[in-house]
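Subject: Handing over a two-chain model

Hello,

I am passing this structure on to you. Please open it and keep it in view while you read.

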Amino acid sequence: MKQIIIVATLLLASLALQHDSDTLWPRPANYSYDEAGKTVIVDPCNIIYVVNAADKVYVSDMITSYLFNVFKCK
Amino acid sequence: MTITVTNGDQFIATEKKHEAYSLTLKDESHWTLKADYYVGFLRGIETFSQLFNYQEDGKHNIKGIPITITDSPQFLWRGLMIDTSRHFLNLDTIKHAIDGMLYTKLNILHWHIVDEDSFPMYVPDAPELSEGGNIGGVFSPTDLKAVIAYARVRGVRVVPEIDTPAHTESWGRNEKYKNITLNCNGKYMGQFDPTLDLTWDAVSKVFNYVNKTFGDEYVHFGGDEVVYDCWDQRPSIK
């Protein structure tokens, strides 16, 4: 009986995680997406960023940092 | 993608709302990231980067559009501790750890910088402490400021820990301050003699320097493993 409960708990936890996200960590407080929605092929190095910020320099520098350090853009 | 940050000057979160953001991918081309504060933008751009899936053919995709995310942290204090006394870490390693904190949305670098094993922090008014107390390297004032600045831009607050009054053997590994710590009969490594003016001289110099350099609201004093018996070995304390 105990084993069944453990397996059921793991199964439920697994399903819950699948529903929320298997890629986002830590999980956002509110996350909604369309399971049957579009899948977009996108090159992260070619996204155009329009920045509206009081101090654009830091925001732009951080975007650049992500492009080089996370997405390995050249 | 349109990124809007209302207030650019909030680098360090002191309230949960500072790290809040919303991220919307309405369709294939209308994507927005909005944050009231810079540090909220940091949390949002990290989430955005996690939406990408890497394909076997080398391309990336994002699934499930439209996507709507609104987020703010459950906990304001999300820390990582590094101990540069037991194991000296060079600046590149510390910066690498801070990068990791950015990618995992941790926001407090608890820098256990000094302990019994070594004193790897140069204090201009008490240079003897690090001259005798370092075992692998010493952080200069410029080094500390570089770490703090690097962390700040990544939304990471640096809180220093100077462990006292126990765990202070390294403070006494020089001629000037050799008597300010007791060896506690080998139980623990060093405990201040609070009856000496020189002890307070060293403590004042170190904490004034730490307060001035880190400029944070908090300094961690340690305070652990104080052994009362240790003070019995010196009649002036007993």
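First, a definition. Helices and strands here are DSSP runs: H or I over at least four residues makes a helix, E over at least two makes a strand, and numbering starts at the N terminus. Please also remember that this is a predicted model.

Chain A

Start with chain A. What does chain A contain? It has two helices and two strands. Read from the N terminus, their order is α-β-β-α. The chain has 74 residues, and 5% of them count as buried.

Where chain A meets chain B

How many residues does each chain give to the contact? Chain A gives 33 and chain B gives 34. On the side of chain A, strand S1 (30-41), strand S2 (50-53) and helix H2 each supply two or more residues.

Look at one residue in S1(A). Lys38(A) sits in that strand. It touches Glu28(B) and Ile65(B), leaving out residues up to four places away in sequence. Is Lys38(A) buried, exposed or partly exposed? It has 15 C-beta neighbours inside 10 Å, so it counts as partly exposed. Now find Arg27(A). It is 11 residues from Lys38(A) along the chain, and their C-alpha atoms are 21 Å apart.

Two helix pairs

The axes of H2(A) and helix H1 (residues 38-50) of chain B come within 11 Å and cross at roughly 25°. Are they roughly parallel or roughly antiparallel? That angle makes H2(A) roughly parallel to H1(B), because angles under 35 degrees count that way. The crossing of H2(A) and H1(B) is right-handed. Which residues make the contact? From H2(A) come Tyr58(A), Val59(A), Met62(A), Ile63(A) and Tyr66(A). From H1(B) come Tyr38(B), Phe41(B), Leu42(B), Ile45(B) and Ser49(B). By class, that is nine nonpolar, one polar and no charged residues.

The second pair lies in chain B. The axes of helix H2 (residues 91-104) and helix H4 (residues 141-153) of chain B come within 10 Å and cross at roughly 20°. H2(B) and H4(B) are therefore roughly parallel to each other. H2(B) passes H4(B) in a right-handed crossing. Leu91(B), Ile94(B), Lys95(B) and Ile98(B) are the H2(B) residues in the contact. They meet Asp143(B), Ala146(B), Val147(B), Tyr150(B) and Ala151(B) of H4(B). This contact has seven nonpolar, no polar and two charged residues.

Backbone details

Most residues other than glycine have a negative phi, and most peptide bonds are trans. Here are some exceptions to check.

Ile65(B) and Pro66(B) are joined by a cis peptide bond, with omega about 10°. Pro66(B) is in strand S5 (residues 60-71) of chain B. Another cis bond joins Thr164(B) and Pro165(B), with omega about -5°. Where is Pro165(B)? Look in the loop between strand S8 (157-164) and strand S9 (181-182) of chain B.

Now the phi angles. Lys72(A) is not a glycine, yet its phi is positive, about 55°. You will find Lys72(A) in the segment after helix H2 (56-69) of chain A. Lys72(A) has 9 other C-beta atoms within 10 Å, so it is exposed. The cut-off for exposed is 12 or fewer.

Glu225(B) also has a positive phi, near 50°. This residue follows strand S11 (220-222) of chain B, in the segment after it. Glu225(B) has 14 C-beta neighbours inside 10 Å, so it counts as partly exposed.

Best wishes

Key. Residues numbered from 1 in each chain as written. Chains lettered and ligands numbered in written order. Predicted model: local features only at pLDDT ≥ 70, side-chain atom pairs only at ≥ 80, totals over all residues. Axes fitted to C-alpha atoms, helices over the stretch in contact; angles between N-to-C directions. Parallel < 35°, antiparallel > 145°, perpendicular 65-115°, else oblique. Left-handed = near helix turned anticlockwise from the far one by under 90°. Contact = placed C-beta atoms within 7 Å. Nonpolar A, V, L, I, M, F, W, Y, C, P; charged D, E, K, R; others polar. Buried ≥ 20, exposed ≤ 12 C-beta atoms within 10 Å, placed from the backbone.
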